[in-house]
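Keep the viewer open as you read.

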Amino acid sequence: MEYFFYIALVLSILCTSTLTSSLPIFNLTTDKYALLAFKNAITSNSRAILSDNWSSNISICNWIGVSCGTKHRRVTALNVSGFHLGGTIPPHLGNLTFLRSLDLSSNSFTGLMPSELSNLRRLKELNVGINSLASTEIPSWLGHMSQLEHLYLNNNTFSGTIPISLFNISSLHTLDMGYNILEGNLPEKIANFSFLGTLNLVGNKLTGSIPSGLFNMSSLIEINMRYNKLSGKLPKDICGNTNPKLKRIYLTGNQLYGKIPTNIYKCRGLEDLRLPKNHFSGDIPQEIWSLSMLRVLSLFTNQFTGLNVIHAYRIE
């Protein structure tokens, strides 16, 4: 009886050991198939980087642009930025479930962003900036990627309004949607981010007023909304929470009007304030000169009184 018990125990240990040792191999194989599908979707590879370096004879963890974790040896980062690649983004990338960073920027990818990318629940950085992704709305499923900290969608042809689902990503530090064809009003919820440091919406067709709470976000460092069609006045309670982190405000080339709020002095960390090519009027508030960190002040092509033009006044 003891003999049979011993045999059963040995077989159990062997089976468990075999299954455990095979799992990482299976997972790494899954990652390999996903990367090969990505490679096969490339229709233009002028620098031949992938064809020369992504060989099935070597581990994918040694492929250029690929990084793997030290523990599970799963793919944790894919960075092909500036590889001069053209083609579409295949849905198979959604199988890289250990991925934390995906950087496809500065290439010539076209088509849609596949919804399968929403399976990348560990992803902290997604960069598809400077491509030619299709003229459709920003995918609402991005709002399901709850771990995202940095999202770059800039320099594509995304159109439509800013999806409300984006504001479900409470962990965002960077949101860059500059140089697209976005339109409509800025949602009030854009001021609800707890950790957002950089907001870039330059070069779109956004209209309406700027939500008053935007300038009162304690984490915000830079606001760039140049060259849109924003209108209305700057909020009177600008930097009402005495935000010491806000360093740069870029609002050039909109349709903003009214006076610069006297509360501007509460933006104590402000280094660069650019408001040219709007319809601001009245006197330039004296409080602006109390901003001890201010290095660049640009107010030209407005309707100020008392001081006709300030191009790029530097305080050194």
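Let's settle one word before anything else: buried means under 20% relative accessible area, exposed means over 50%, and partly exposed is in between, using a 1.4 Å probe and protein chains only. By that rule Trp63 counts as buried, at 2% relative accessibility. This is a predicted model, so local features need pLDDT of at least 70 and side-chain atom pairs count only at pLDDT 80 or more, while totals for chains, interfaces and linings use all residues. Residues are numbered from 1 along each chain as its sequence is written, and side-chain values use heavy atoms, with hydrogens and water left out.

Now for the overall picture. The protein chain has 2 helices and 23 strands; these are DSSP runs numbered from the N terminus, with helices (H or I) of at least four residues and strands (E) of at least two. Of its 316 residues, 47% are buried. Take the contacts (heavy atoms within 4.5 Å) between residues at least 6 apart in sequence: 53% of them join residues at least 24 apart. The accessible surface comes to about 15,300 Å², and carbon and sulfur atoms own 53% of that; the areas come from the Shrake-Rupley method with a 1.4 Å probe, and for residues only the protein chains shown count as cover.

Next, look inside. A nonpolar core here is a set of buried Ala, Val, Leu, Ile, Met, Phe, Trp, Tyr and Cys residues joined through side-chain atoms within 4.5 Å. The largest one has 83 residues, and Phe38, Leu102, Met113 and Leu142 touch the most other members. Helix H1 (2–40), helix H2 (49–53), strand E2 (66–68) and strand E3 (75–79) are the elements that give two or more residues to this core, and H1 gives the most, with 3 residues. Leaving out residues up to four places away in sequence, Leu142 touches Met113, Leu126, Leu151, Leu153, Leu166 and Ile169.

Leu35 also lies in helix H1. What does Leu35 touch, beyond residues up to four places away in sequence? Trp54, Ile60, Trp63, Val66, Val75, Leu78 and Leu96. Leu35 is buried, with a relative accessible area of 0%. From Leu35 to Ile60 is 25 residues in sequence but 8.5 Å in space, C-alpha to C-alpha.

Rings of Phe, Tyr and Trp (its six-membered ring) pair if their centres lie within 6.5 Å; planes under 30 degrees apart count as stacked, over 60 as edge-to-face and the rest as tilted. The whole structure holds 5 such pairs. Phe38 and Trp54 make a tilted one, with 6.1 Å centre to centre and 40 degrees between the planes. That pair links distant parts of the chain, with Phe38 in helix H1 and Trp54 in the loop between H2 and E2, 16 residues apart. Trp54 and Trp63 are stacked, at 4.9 Å centre to centre and 25 degrees between the planes. Phe38, Trp54, Trp63 and Phe109 form one aromatic cluster.

Finally, find strand E16 (residues 229–232): Leu230 and Gly232 are on its covered face, Lys229 and Ser231 on its uncovered one. Strands pair if DSSP finds at least two bridges between them. E16 pairs in the parallel sense with strand E14 (residues 205–208) over 2 bridges, and Gly208 stands opposite Leu230. Another 2 bridges join E16 to strand E18 (residues 255–258), again parallel, where Gly232 stands opposite Leu256.
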